[in-house]
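Please view the sequence and the structure below before turning to the notes.

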Amino acid sequence: RLVCKKIEIMTIYTNRLSDLITNSFGVDYMEQQLSEAATTISEEPLVTRFATRRKSVFAETYDPENDPDDDEGATAIFPKTDEQRSRLVESVKNILLFRSLDKEQMNQVLDAMFEKIVRPDDYIIRQGDDGDNFYVIESGKYRAFVGENLIHTYDNSGSFGELALLYNMPRAATIQAATDGQLWAMDRQTFRRILLKSAFRKRKMYESLLDNVPMLKALQNYERMNLADALVPKSYGKGERIIKQGDAADGMYFIEDGAVSIRIQQDGGEIEISVLGKGQYFGELALVTHRPRAASAYAADNIKVAFLDVDAFERLLGPCMDIMKRNIDDYETQLIKIFGSKNNISDIR
């Protein structure tokens, strides 16, 4: 059980590492790094690899499952003016790492971050050093180097420094300021406690939900775990519209709790064609058919859903379209309900 738990924790680290490298530097860079790592591992003798393993004060394993919730003083708090907090909120709003945090966790993140002013040519992190902080850019330009090679330039937005913290590894690149700038930083302990614990809890919460979704039965366990990591929690009040017929598709939804009413426009009004409950899903038809939304969805009561955006859908499920085809009966049943005839299905697939 201990080995399985450690593997699961490392899977969370690895998923985040892959997403973050791709988001920051692009797919080609990620594939290059993985290829070089695989070559090094295959060529280096096993005994040598383990005999020369790097020893560091940063190398201890963080176990989010056994980290108590009531750690007094575990999270640093740096007071901020209203103006500083407003600037920080604007800086972090599009950071990939923060998208699955709830309101309380997001406030912890904002409290824990501190401001850092930099000047041209300042080194923020150096390749090979141990990781101490994670950085979010408020302003300024920053160059990322691997060795002597410039691999990326950040221009007044983005974040860096998370890979070493997530993966217990030395800094993978050097970051140097090209202009004056302002950064927001978070220390390693707080970063891991808030973000990794949040990711671990979210995965546990969504595992059972995804296990009960018929469409996903063909997925392997690791594929469902990747999917769980990509889901974003959302809530809607009774009567609130979730998706609108005719709109472009931005993602699909899995129902955590509550009921959803599916309706179509007919004779100047809306007709309810289906009511979906916990464990069911909706919104995927437009993603599969590449058509506008075929129906509207409303919260029948106060509901919680897990949202998978279109980019994650294509990345995680798009390459596995045969999974959709294996469960095509599910689609045909829903399409018949919406369009009234099986004859129309071939036209919208």
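Predicted model: local features only at pLDDT ≥ 70, side-chain atom pairs only at ≥ 80, totals over all residues.

Residues are numbered from 1 along each chain as its sequence is written, and side-chain values use heavy atoms, with hydrogens and water left out. Helices (H or I, at least four residues) and strands (E, at least two) are DSSP runs, numbered from the N terminus.

**The helix pair α4 and α5**

- Helix α4 (residues 82–92) and helix α5 (residues 103–112) have axes that come within 11 Å and cross at roughly 120°; axes are lines fitted to C-alpha atoms, for helices over the stretch in contact, and angles run from 0 to 180 degrees between N-to-C directions.
- The crossing of α4 and α5 is right-handed, a term for the near helix being turned clockwise from the far one by less than a right angle.
- From α4, Arg85, Leu88, Val89 and Val92 meet Met106, Asn107, Leu110 and Asp111 of α5, where contact means heavy atoms within 4.5 Å.
- The residues of this contact comprise 5 nonpolar, 1 polar and 2 charged; Ala, Val, Leu, Ile, Met, Phe, Trp, Tyr, Cys and Pro count as nonpolar, Asp, Glu, Lys and Arg as charged, and the others, Gly among them, as polar.

**Ile124 in strand β2**

- Ile124 belongs to strand β2 (residues 123–125).
- Ile124 counts as buried because its relative accessibility is 10%; buried means under 20% relative accessible area, exposed over 50%, and partly exposed in between (1.4 Å probe, protein chains only).
- Not counting residues up to four places away in sequence, Ile124 touches Val118, Tyr135, Tyr142, Phe160, Ile175, Gln176, Ala177 and Leu183.
- Ile124 and Ala177 are 53 residues apart along the chain, and their C-alpha atoms are separated by 7.2 Å.

**Positions annotated in UniProt**

- An unreviewed UniProt entry places the feature "binding site" at Glu162 and Arg171; UniProt positions are given in the numbering used here, feature names are shortened, and annotations may be inferred rather than shown by experiment.
- Glu162 is part of helix α6 (residues 162–167), and it counts as buried because its relative accessibility is 3%.
- Arg171 is placed in the loop between α6 and β7 (174–177), and it counts as buried because its relative accessibility is 4%.
- Leaving aside neighbours within four places in sequence, the contacts of Arg171 include Ile125, Arg126, Asp129, Asp132, Tyr135 and Ala164.

**The four-stranded sheet**

- An open sheet is formed by 4 strands in the order β9-β16-β11-β14, with antiparallel pairing; two strands pair if DSSP finds at least two bridges between them.
- β9 (232–236) and β14 (281–282) stand at the edges with a single partner strand each, so one side of each has no neighbour in the sheet.
- Helix α7 (residues 188–211) packs on the sheet and touches β9, β11 (251–257) and β16, its direction making about 100° with that of β11.
- β9 is joined to β16 (residues 303–309) by 5 bridges; Ser235 has Lys304 as its bridge partner in β16, and Lys234 stands opposite Val305.
- β11 is joined to β16 by 6 bridges, and Tyr253 stands opposite Phe307 in β16.
- β16 is largely enclosed by the rest of the structure, because 5 of its 7 residues are buried.
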